[in-house]
Amino acid sequence: MQESITVKGMSCQHCVKAVSAILSEFAGVSEVTIDLASGKVTFNTEFAIDRQKLAQKLDDAGYEIT
Ligand SMILES: [Cu+2]
């Protein structure tokens with residue numbers, strides 16, 4: 001299934017890579033697409049993602065799901 005979230009705090013390609021890497025840590029996630037300007041992150045996932053865990057990992061890296 002395709003899911004999308006909006007992430008606040010990304011300002012450059014490094015951030016895009018970091019957020020992409022965090023999402024890729026979750027089993028079954030593929031095709032992460034990030035629009036830096038809007039903060040929109042779209043990805044495919046085979047399993048339901050643990051949103052709390054994702055939010056925590058992003059928070060630890062300095063980003064926030066809005
Ligand atoms: Cu950055």
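## Strands, helices and core in a predicted model

Trainee: In which strand is N44 found?

Mentor: The model is predicted: local features need pLDDT of at least 70, side-chain atom pairs count only at pLDDT 80 or more, and totals for chains, interfaces and linings use all residues. Residues are numbered from 1 along each chain as its sequence is written. Strands (E, at least two residues) and helices (H or I, at least four) are DSSP runs, numbered from the N terminus. The run that holds N44 is strand 3.

Trainee: Why does N44 count as partly exposed?

Mentor: A residue is buried if 20 or more other C-beta atoms, placed from the backbone, lie within 10 Å of its own, exposed if 12 or fewer, and partly exposed in between. N44 falls in between because its count of C-beta neighbours inside 10 Å is 13.

Trainee: What is the order of the strands in the open sheet?

Mentor: Strand 2 and strand 3 pair over five bridges in the antiparallel sense, and strand 1 pairs with strand 4 over two. Strand 2 (29–35) and strand 4 (64–65) have a single partner each, so one side of each is left without a neighbour in the sheet. With four strands and antiparallel pairing, the order is 2-3-1-4.

Trainee: Which residue in the turn between strand 2 and strand 3 has a positive phi?

Mentor: These two strands form a hairpin with four residues between them. D35 stands opposite K40 in strand 3. The residue in the turn with a positive phi, of about 80°, is G39.

Trainee: In strand 4, which residue is the bridge partner of V7?

Mentor: K8 stands opposite E64 in strand 4. V7 has contacts beyond four places in sequence, among them V19, V41, L58 and I65. The bridge partner of V7 is I65.

Trainee: How many residues has the largest nonpolar core?

Mentor: A nonpolar core is a set of buried Ala, Val, Leu, Ile, Met, Phe, Trp, Tyr and Cys residues joined through C-beta atoms within 7 Å. In the largest one are V7, M10, V19, L23, I34, V41, F43, L58 and Y63. Helix 1 (13–24) and strand 3 (40–45) each supply at least two of its residues. The core's total is nine.

Trainee: At what angle does helix 1 run to strand 2?

Mentor: Helix 1 lies across strand 1, strand 2 and strand 3. Axes are lines fitted to C-alpha atoms, for helices over the stretch in contact, and angles run from 0 to 180 degrees between N-to-C directions. The angle to strand 2 is about 155°.

Trainee: How many residues of helix 2 are buried?

Mentor: Helix 2 covers residues 51–60 and is hardly covered itself. G62, with a positive phi near 100°, follows this helix. Among the ten residues of helix 2, the buried count is one.

Trainee: What distance separates the C-alpha atoms of E46 and E64?

Mentor: E46 lies in the loop between strand 3 and helix 2. E46 is exposed because 11 other C-beta atoms lie within 10 Å. E46 and E64 are 18 residues apart along the chain, and their C-alpha atoms are separated by 23 Å.

Methods: Two residues are in contact if their C-beta atoms, placed from the backbone, lie within 7 Å. Two strands pair if DSSP finds at least two bridges between them.
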